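Biologist: I would like to learn how to read a model like this one. Could you take me through it feature by feature?

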Amino acid sequence: MAIDFSFPPELEALRAKVRAFVDDVVRPVERSADEERWERDRWIAAVIEMRQKARAEGLWLPHMPKAWGGMGLGHVAMASVSAEAARSRMGPFALNAQAPDEGNMHTLLHWGTDEQKQKYLKPLCEGYARSCFAMTEPEVAGSDPTLIRTAAVPDGDEWVINGHKWFISGARGAQFAILLARTEDDPDLPQAANSAFIVDIPSAGWEVVRDVETMSGSHNHCEIRITDLRVHKDQMLGGRGQGHLLGQHRLGPARLAHCMRWIGQAETALEMMVDRSLNRYSHGSYLAEKQGIQWLVADSTMELYQCKLMVLHAAYLIDSGADFKSEVSMAKHFVANSLWRIIDRAIQVHGALGYSTDTPLAEMLKQARWARFADGADEIHQMRIAQRTIAAYKDTGSVNAATGSLPL
């Protein structure tokens with residue numbers, strides 16, 4: 001039996017190429033932006049320039065098939081590329097592999113009609129458009145799509161939609177939204193109540209109320225008011241009542257893509273922690289020589305190791321066409337919490353410097369906090385993991401099927 005955790009030489013070369021691109025192209029842009037406090041127009045110009053360089057380097061659209069101008073990487077390969085790209089905050093944007101567009105590209109590729117792909121997927125792949133995914137609502141639990149209140153009612157060849165959405169990432173500047181709305185009053189299954197629609201932006205009845213201010217500022221997470229929005233029937237994405245299937249098809253790999261990017265952030269924090277410990281002298285020795293600091297480094301190292309193994313295995317399951325729900329849930333929960341702990345430890349080792357904005361750690365920690373509820377709160381994933389473990393034991397008398405089905 002062969003268990004090989006090494007990447008083929010071409011993927012190792014690609015990973016090194018992405019790391020060099022981030023160090024040589026992306027990080028200098030970020031430093032200039034921070035030092036000069038760029039406005040939006042300057043940022044847009046810089047993103048365009050980085051993307052042109054990414055295309056020239058053959059690093060464009062790594063997650064999409066070659067037929068759509070991408071690199072055709074599977075999820076295992078993407079784990080390596082995404083982790084390297086996310087070592088900087090703009091790395092995924094430079095490669096055109098950023099959320100929520102990455103997930104929307106996959107959704108359109110698998111669910112869109114030929115006409116929808118040409119109109120909406122092609123501009124995304126070419127980097128000329130942005131998009132958003134509108135599911136979460138303020139009045140109901142975002143982790144339970146059966147509670148969605150936004151309603152779509154048929155009227156001839158159109159659907160009339162009314163509702164309220166919020167925390168819709170990327171809504172400002174998006175050319176279209178994938179919108180989930182309730183179309184069925186009494187479905188056979190509660191999960192079959194919703195359908196997905198592609199909404200052109202701007203459209204009459206689609207109102208961006210505000211960019212919701214968060215603990216880390218404004219980051220284009222918008223509140224949307226939908227009033228008598230008319231959408232042609234041809235704008236339905238997938239079949240009627242298939243919104244939940246589409247959402248799950250999108251969110252499973254999207255959760256793992258987040259984990260891939262979080263690993264890059266966690267590794268950066270750990271490297272900063274180690275570097276600080278090797279260079280900070282206090283009470284007769286360097287921090288790296290003190291047992292208390294060594295424990296922080298050791299705990300972070302072990303957690304990052306676990307994160308990498310979980311993500312690689314879940315990615316392998318997706319690439320193999322196997323059931324990956326439990327493994328992605330476990331990875332999402334564990335990596336999100338590890339990200340927070342590792343960055344927090346790095347701040348502790350840096351002391352007051354880590355709490356300041358002179359290093360990126362403070363901003364990284366604020367950004368990390370949303371990871372524990374975005375794309376499913378910790379508690380929801382724990383509930384699902386427990387349910388699947390109990391079901392596996394009832395069916396087989398073993399929990400092996402719920403713990404990765406590994407031959408151990």
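Predicted model: local features only at pLDDT ≥ 70, side-chain atom pairs only at ≥ 80, totals over all residues.

Biologist: How many helices and strands does the protein chain have?
Modeller: Helices (H or I, at least four residues) and strands (E, at least two) are DSSP runs, numbered from the N terminus. The protein chain has 12 helices and 10 strands. Its radius of gyration, taken over C-alpha atoms, is 22 Å, close to the 22 Å from the globule rule for 408 residues, so the chain is as compact as a globular protein of that length. That rule is 2.2 Å times the number of residues to the power 0.38.

Biologist: What percentage of the residues count as buried?
Modeller: Buried means under 20% relative accessible area, exposed over 50%, and partly exposed in between, with a 1.4 Å probe and protein chains only. By that cut-off, 47% of the 408 residues are buried.

Biologist: Which residues touch the most other members of the largest nonpolar core?
Modeller: In soluble globular proteins, nonpolar side chains tend to be buried together. A nonpolar core is a set of buried Ala, Val, Leu, Ile, Met, Phe, Trp, Tyr and Cys residues joined through side-chain atoms within 4.5 Å. The largest one here has 85 residues, and L95, L108 and I343 touch the most other members. Helix α7 (residues 243-279) gives the largest share of this core, 12 residues. Apart from it lies another core of 21 residues, including A134, I161, I224 and I226.

Biologist: And what does L108 touch?
Modeller: Contact means heavy atoms within 4.5 Å. Leaving out residues up to four places away in sequence, L108 touches K117, Y120, L121, L124, F176, I178, I198 and L237.

Biologist: How many residues of helix α3 are buried?
Modeller: Nine of the 11 residues in α3 (residues 75-85) are buried, so this helix is mostly covered. Among them are M78, V81 and E84. Their cover includes α1 (9-36), α4 (91-94), α5 (101-111), α7 and α8 (291-320).

Biologist: Which strands pair with β7?
Modeller: Two strands pair if DSSP finds at least two bridges between them. Strand β3 (residues 158-169) pairs with β7 (residues 221-232) in the antiparallel sense over nine bridges, and V160 has R230 as its bridge partner in β7. Strand β6 (residues 206-211) is joined to β7 by five bridges, again antiparallel; here W206 has I226 as its partner.

Biologist: How is a pair of aromatic rings described?
Modeller: By the distance of the centres and the angle of the planes. Rings of Phe, Tyr and Trp (its six-membered ring) pair if their centres lie within 6.5 Å; planes under 30 degrees apart count as stacked, over 60 as edge-to-face and the rest as tilted. The structure holds six such pairs. W262 and W370 are edge-to-face, at 6.0 Å centre to centre with 75 degrees between the planes. This pair links distant parts of the chain, 108 residues apart: W262 is in helix α7, and W370 is in the loop between α11 (361-369) and α12 (378-396).

Biologist: Are W262 and W370 buried or partly exposed?
Modeller: W262 is buried, at 6% relative accessible area, while W370 is partly exposed, at 30%.

How values were computed: Residues numbered from 1 in each chain as written. Heavy atoms only, no water.
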